[in-house]
Amino acid sequence: MGDATVKTLEGRTATDPSPIAEDEEQQPSARSAALKRLRAPRHPRIWFEILLIAVSYWTYSLIRNAVPEQKSAALRNADWIWQVEQSLGIAVEETVNRAVNSVTWLVVSMNYYYATLHFVVTVGVLVWLFRRHPGRYAATRLVLFATTGIALLGYYLYPLAPPRLMNGQGFIDTVLVHQTWGSMASGNFKNMSNQYAAMPSMHIGWSLWCGVTIFALASVPWAKVLGLLYPTATLVVIVATANHFWLDAVGGLVCLAFGYTLSRGWYGRLPHHLPKVVAEDASRPRTGRRRVWPVRA
């Protein structure tokens, strides 16, 4: 009798799978499948994207301006940055600033460039991605959001005065001198924005994001060239208007690198390596109804 019991148990073990073992095998596979669906590119929805961008920019502006204006620390950091650049032989911001300021039409154009294109071009690239590259939109948008998010940490940890606010230096605030509607950190708007959030430069972070995206995805050579010229021109503008140091631009580049690293880690590939268009059946929930095709006799 004892032998029969053993045989019965052994037979069940050998032939019948354990329900507990099945559950343990199915749970990891179900979790991995859910994670895979979550990380898969999806077709963007216009209403959600508009709401997301609006809320995200409002939150970014709120946090950026809520960072305490540590004036003394910001001025000390600006002096240190200036000394480092002088030791490296790249401290030419004051020379560029004064040279451009002597050409009125040029400096006024740069003031308006600084104030407007930062937003106009970025939104334009987002719209272009949404319409022409929907499969790559979410991954590329994640790069932009991560770049901006990490910049907020820099504003809090390293307050920095722009060159135009330094004491004892010859920098010129071109917005005040030429009375143009220029920067939110100058003139009549200076009380609405944190003036000591110059590191990193999001003018560089965003313009590089635009430039890299256009260069990687544009199909015509002239568009690729414009993609490369845009961040280059932005670099000249932020220096010529005394809103940033060269090293602020390096900070923006580091933030962008973080954004691309995060996006690649989540999606498994860089944004421009993802499919251009997402299949409809993979991006939208099934309705449960099947389409019936007419049959010819």
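At what angle do helix α9 and helix α10 pack, and how far apart are their axes? The angle is about 170° and the axes lie 7 Å apart. Keep in mind that this is a predicted model, where local features need pLDDT of at least 70, side-chain atom pairs count only at pLDDT 80 or more, and totals for chains, interfaces and linings use all residues. Residues are numbered from 1 along each chain as its sequence is written, and side-chain values use heavy atoms, with hydrogens and water left out.

**The α9/α10 pair**

- Helix α9 covers residues 202-217 and helix α10 covers residues 221-240; helices here are DSSP runs (H or I, at least four residues), numbered from the N terminus.
- The axes are lines fitted to C-alpha atoms over the stretch in contact, and angles run from 0 to 180 degrees between N-to-C directions.
- That makes α9 roughly antiparallel to α10, a label for angles over 145 degrees.
- On the α9 side, the contact (heavy atoms within 4.5 Å) includes His 203, Cys 210 and Phe 215, while the α10 side includes Lys 224, Tyr 230 and Ile 238.
- The residues of this contact split into twelve nonpolar, five polar and one charged; Ala, Val, Leu, Ile, Met, Phe, Trp, Tyr, Cys and Pro count as nonpolar, Asp, Glu, Lys and Arg as charged, and the others, Gly among them, as polar.

**Helix α5**

- Glu 93, Asn 97, Val 100 and Asn 101 are the buried residues of α5 (residues 93-101), where buried means under 20% relative accessible area with a 1.4 Å probe, protein chains only.
- Looking down the axis of α5, those buried residues sit within an arc of 100°, so they line one face of the helix; the arc is taken from the directions from the helix axis to the C-beta atoms.
- Their cover includes α4 (71-88), α6 (104-132), α8 (174-178), α10 and α11 (246-267).

- Thr 148 belongs to helix α7 (residues 134-157) and is buried at 10% relative accessible area.
- Beyond its neighbours within four places in sequence, Thr 148 touches Tyr 60, Met 202 and Trp 206.
- Tyr 57 is 91 residues from Thr 148 in sequence, with 9.4 Å from C-alpha to C-alpha.
- Arg 164, in the loop between α7 and α8, is buried too, at 9%.
- Arg 164 and Ala 242 are 78 residues apart along the chain, and their C-alpha atoms are 5.1 Å apart.

**Cysteines**

- Cys 210 is buried at 0% relative accessibility, and Cys 255 is buried at 8%.
- The disulfide count (cysteine sulfur atoms within 2.5 Å) is zero.

Technical notes: Buried means under 20% relative accessible area, exposed over 50%, partly exposed in between (1.4 Å probe, protein chains only). Helices (H or I, at least four residues) and strands (E, at least two) are DSSP runs, numbered from the N terminus. Angles under 35 degrees count as roughly parallel, over 145 as roughly antiparallel, 65 to 115 as roughly perpendicular and the rest as oblique.
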